[in-house]
Amino acid sequence: MASTQIHGGLEEKLARLRAGGSLRVIDLFSGCGGMSLGLQRAQYTILGGIEVNQQAIQTYARNFFKGVDEETFEIHSASHNIRAFSPQMFLHEILRTEHHESLVDVIVGGPPCQAFSRIGRAKLRAVRQDSGAYLADERSSLYLHYLAYVDFFRPLAVLMENVPDIMNYGGKNVAEEIALSLEEMGYRCRYTILNTAHYGIPQLRQRFYLIAILDALDTDPCFPEPTHFVRVPSGYESAHSVARKKIDPLHTRYIELSHPLHTLPPAVTVREALGD
């Protein structure tokens, strides 16, 4: 029965997209909506987000639902802890519908990174006076709730962002575990590390990205090649190497992108981005 619903939902989604409909997105751990904003600019339709911080979700609502009726705005302004807010609750309380099979095309989000990042780990050690405090941080398991939303809505594609150290957390590669879970759900999954400066952003910011695409679409996930060149300080290369220590060379889910060519345009500076 479930597989029939999934297949039917997929056919409905594809028919809608072939007819010119836009891809529909839900944003988990949305913050004030950075990912949603980028996708909206790419002509995606934002259905809603989940965020535990009240100020952040109010900003999110103002960014994406300010022009709608007051009731809808209030619904999207409410904060929710994803641990206690199931996909079914999201469907009924935020999306206000009973039918989920053909509703969501893309799920995006960045689970809290404090437990994974080395800076976050150091703070947890200092606060709790425990060298292994970061391993007990409940935020390190929030990605499981992300996966529950994917399993429920069965989107066409999934995008996850985090710090590179999610690939080397307490001696294990959490990113690989996430990828394996997504494959068991019927997705093709790849992940990598990107530096925003290589893509025209005026900031040296290294991040883990994971893309999964429904296997029925017969498309392998891929990542964009760099568009800008900058000589990255050695510390970034060192962090990159540490993150990759738990990569099994027999696994092909991790994609190592080529270094930017010197012939590419130079990285955008803050002055160039803001000087006008």
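A salt bridge is here a side-chain nitrogen of Lys or Arg within 4 Å of a carboxyl oxygen of Asp or Glu; by this rule the count comes to 10 salt bridges. The model is predicted: local features need pLDDT of at least 70 and side-chain atom pairs count only at pLDDT 80 or more, while totals for chains, interfaces and linings use all residues. Residues are numbered from 1 along each chain as its sequence is written, and side-chain values use heavy atoms, with hydrogens and water left out.

**View 1. Salt bridge between D105 and R16.** The two side chains meet at 2.8 Å, N to O. D105 lies in the loop between α5 (87-94) and β3 (106-109) and R16 in helix α1 (residues 2-18), so the pair ties together parts that are 89 residues apart in sequence. Helices (H or I, at least four residues) and strands (E, at least two) are DSSP runs, numbered from the N terminus. D105 and R16 are both buried; buried means under 20% relative accessible area, exposed over 50%, and partly exposed in between (1.4 Å probe, protein chains only).

**View 2. Salt bridge between R207 and E161.** The N to O distance is 3.0 Å. This pair links distant parts of the chain, with R207 in strand β6 and E161 in strand β4, 46 residues apart. R207 counts as buried at 13% relative accessibility, as does E161 at 18%.

View 3. G186, which follows α8, has a positive phi near 105°. The side chain of E183 meets that of R253 in a salt bridge (2.7 Å, N to O). R253 lies in the loop between α9 (234-243) and α10 (270-274) and E183 in helix α8, so parts 70 residues apart in sequence are tied together. R253 is buried at 12% relative accessibility, whereas E183 is partly exposed at 30%.

**View 4. Surroundings of K66.** K66 occupies the loop between α3 (54-65) and α4 (70-77) and is exposed, at 62% relative accessibility. Neighbours within four places in sequence aside, K66 is in contact (heavy atoms within 4.5 Å) with A61 and F73.
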